[in-house]
Amino acid sequence: MPFISDKDQVTLKDRFKRELKRPVNLRLFTQRAMGLTIPGRECLHCEETQKLLEEVTGLSPKLKLEVKDFYIDSQEAREAAVERIPAIVMSTGDASNVKFYGIPLGYEFATIVEDLITLSRGVSPLGLPTRKKLKRVKDAVHIQVFVTPTCGYCPQVARLAHAMAMENPNITADVIEVQEFPMLGQVYMITGVPKTVINNRVQFVGA
C-alpha cells in the first residue's frame, strides 16, 4: 500500500511540475535489509522511509534520490555530519546542512515538500532584513528542532530552521522526529514539541 494516496500523488505531481525549478538531490542514509538485526543498529523505519522517498521523487524528474548505507558509506556519512538513521539530506548541490531525521509522516510530510520547493526555487521564505542578518553569521550554528508527526505547530518551526540553513552554510538545521529517537528525548528533556535547541546552549519550546 503506497504512503501517498492516488489523489495526493496527482496534486503533488502537478505542484512539482509548476513550482520546481532546479533539480534537488535527496540523500537517504539508511541501512540495507540483511534479514538479521545487529544489536545497536536497529532502524525501525529505514525501509519505510526509503519507500516514501521513492514515491515522492517518482513524482518529478527534478527530484533525485540517492540511497546510502550509513555503515558501509560511513565516510560519506561523516562528511555529511549524519549521526543517526534514517537521515534525509536535501540540497541543490553538495551542501549537507539541511537534514531531517526519521520518517516524515503526518504534519512533517509538509515540511519535506515545502523544503524541496524552496530549495528548487532558490527563493527564501524569510524576510530580507532577516536574510541580511543571517549572511553575517560567521561562526558555526547548529539548530535542532524536535518534532512529532501529530504536532500542528512543528512544521512552521521546522521550515523556519531549514530556511535559515539555506541562507548560510555556517548554519546547520536538523529536524528530528523525537519519537523515533527516545534517547535524544531524554538527553534534551523533551516534554513538549516543537522544541528548538541551538548549539546545545539555547533551548525553548513552542512556535
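Reader: Before we talk charges, which residues count as positive and which as negative here?
Author: Lys and Arg count as positive, Asp and Glu as negative, while His and the chain ends are left out. This is a predicted model, and on that basis the chain has 27 positive and 24 negative side chains.

Reader: And how far apart are the centres of those two sets?
Author: They lie 9 Å apart.

Reader: OK, switching to the fold. How many helices and strands does the chain have?
Author: Seven helices and eight strands. The chain's radius of gyration is 16 Å, close to the 17 Å from the globule rule for 207 residues, so the chain is as compact as a globular protein of that length. Its C-alpha trace spans about 50 × 40 × 35 Å along the principal axes.

Reader: What share of the contacts comes from residues 24 or more positions apart?
Author: 73%, counting contacts with a separation of 6 or more.

Reader: How much of the chain is buried?
Author: Buried residues are 46% of the 207.

Reader: Which residues have the most contacts inside the largest nonpolar core?
Author: Phe16, Val56, Leu63, Ile88, Met90 and Leu116, in a core of 39 residues. Another core, of 19 residues, lies apart from it, and includes Cys43, Ile176, Val178 and Phe181.

Reader: Back to Leu116, what does it touch?
Author: Leaving aside residues up to four places away in sequence, Leu116 touches Leu20, Val24, Leu26, Val56, Leu63 and Met90. In soluble globular proteins, nonpolar side chains tend to be buried together.

Terms used:
Residues are numbered from 1 along each chain as its sequence is written. This is a predicted model: local features need pLDDT of at least 70, side-chain atom pairs count only at pLDDT 80 or more; totals for chains, interfaces and linings use all residues. Side-chain values use heavy atoms; hydrogens and water are left out. Helices (H or I, at least four residues) and strands (E, at least two) are DSSP runs, numbered from the N terminus. The radius of gyration is taken over C-alpha atoms; the globule rule is 2.2 Å times the number of residues to the power 0.38. Buried means under 20% relative accessible area, exposed over 50%, partly exposed in between (1.4 Å probe, protein chains only). Contact means heavy atoms within 4.5 Å. The place of a charge is taken as NZ of Lys, CZ of Arg, CG of Asp or CD of Glu. A nonpolar core is a set of buried Ala, Val, Leu, Ile, Met, Phe, Trp, Tyr and Cys residues joined through side-chain atoms within 4.5 Å.
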